[in-house]
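Morning, everyone. I have one structure to walk through today. Please have a look at it first.

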Amino acid sequence: MLTIEHFYLLLALFLAYAGLRNLRDRRFAHAAFWILIAGLFAAGKFVLEASKAGDKLPAQLAGAGVIALALLATRMRREPIDEAPHAQRLASAQRLGHKLFVPALIIPVVTVLIVLFGPTLAFGVTALFGEGSITLIGLALACVVATFAAILVTRERPIAALGEGRRLLDTMGWAALLPLVLATLGGVFAASGVGEAVASIVSALIPADSRLACVLAYGLGMVLFTVIMGNAFAAFPVMTAGIGLPLLIQQHGAAPAILGSIGMLTGYCGTLMTPMAANFNLVPAALLELDDPNAVIRAQLPTAIPLLLVNLALMYWLAFR
């Protein structure tokens with residue numbers, strides 16, 4: 001039975017490999033950073049089980065590890081890592097052509113197939129996939145399949161996959177961890193009652209009986225929280241619990257499906273404008289080795305601002321029809 005914990009352990013092994021390679025290259029901050037994350041991934045199930053049993057020490061040690069990661073991140077510097085010469089990479093790209101897209105396309109295809117048919121697969125009476133998000137398990141398995149597909153397509157040795165993965169990981173640096181941390185932050189905000197606090201503040205600052213004012217507060221709030229947290233998914237439960245549900249849906253009768261879908265799209269405008277959305281904005285700049293780390297954001301602003309205005313107008317016109 002495959003569970004998400006198996007893939008967390010596999011990821012921990014890769015992170016440990018990246019850390020040991022950096023240790024050999026005397027890049028001590030990088031080595032400590034990746035090895036510490038590997039330990040957190042590997043020990044995750046143990047920490048959860050200990051917490052359920054009433055033992056808080058493992059969770060407290062994990063929290064100390066997260067603080068250590070933040071301190072180590074300040075010591076990490078982007079340094080050039082040896083890769084194949086440009087002429088060799090160009091010749092390889094010309095030889096492989098469109099076959100290079102095969103591993104990337106395998107990931108969504110395999111993920112969708114597992115989501116659709118995975119719950120029905122079993123060996124006798126034992127389900128193939130264990131408890132947990134079948135989507136997350138499918139995505140993890142799809143990445144493993146795509147890795148083997150890339151090895152077959154390029155005819156490289158398996159160690160090349162580890163080496164290139166480590167090179168890209170070091171190129172991204174601490175920013176590779178931001179999506180995970182920001183998603184956690186959204187959960188913390190929702191669990192700590194930030195939505196209710198937002199509702200009370202908004203009700204005190206804007207005329208709650210004005211439909212337009214509530215739409216503007218919801219849309220601009222989605223953008224602001226997304227800019228802060230770097231993730232529209234993290235902003236959505238906070239703003240919907242604080243403004244969308246009590247003011248727009250219950251008080252003004254907005255259509256939930258239309259409000260939610262356009263609200264999410266409005267939040268994505270904030271994604272285009274913030275360095276906190278590291279996987280969209282900082283990572284591409286690092287991979288392309290741009291001198292300006294905010295170059296991607298500057299290029300996206302002319303799209304983000306008009307799209308924000310259009311979304312606000314659509315939300316006002318369509319959600320109350």
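I'll start on the surface. Leu212, Leu216, Leu220, Ile258, Val310, Leu314, Tyr316, Trp317 and Leu318 form a nonpolar patch there, with about 760 Å² of accessible area together. Two helices give two or more residues each to the patch: H10 (211-229) and H14 (295-318). H14 contributes the most, with five residues.

Some terms. A patch takes residues with over 30% relative accessible area and no salt bridge; nonpolar side chains (Val, Leu, Ile, Met, Phe, Trp, Tyr) are joined within 5 Å, like charges within 9 Å. A salt bridge means a side-chain nitrogen of Lys or Arg within 4 Å of a carboxyl oxygen of Asp or Glu. Areas are Shrake-Rupley with a 1.4 Å probe, and for residues only the protein chains shown count as cover. Helices are DSSP runs (H or I, at least four residues), numbered from the N terminus.

A word on the source. This is a predicted model: local features need pLDDT of at least 70, side-chain atom pairs count only at pLDDT 80 or more, and totals for chains, interfaces and linings use all residues. Numbering runs from 1 along each chain as its sequence is written, and side-chain values use heavy atoms, without hydrogens or water.

Tyr316 lies in helix H14. Tyr316 is partly exposed, at 32% relative accessibility. Buried is under 20%, exposed over 50%, partly exposed in between (1.4 Å probe, protein chains only).

Next, the rings. How many aromatic pairs does the structure hold? Three. Rings of Phe, Tyr and Trp (its six-membered ring) pair if their centres lie within 6.5 Å; planes under 30 degrees apart are stacked, over 60 edge-to-face, the rest tilted.

Take Tyr8 and Phe41. Their centres are 5.7 Å apart and their planes at 55°, so this pair is tilted. The pair links distant parts of the chain, with Tyr8 in helix H1 (residues 4-24) and Phe41 in helix H2 (residues 28-52), 33 residues apart. Tyr8 is partly exposed at 31%. Phe41 is partly exposed at 21%.

Phe33 and Trp34 make an edge-to-face pair: 5.0 Å centre to centre, 85° between the planes. Phe33 is buried at 2%. Trp34 is buried at 2%.

Last, the cysteines. The whole structure has zero disulfides (a pair of cysteine sulfur atoms within 2.5 Å). For Cys214, the nearest cysteine sulfur is that of Cys269, 20 Å away. Cys214 is buried, at 0%.
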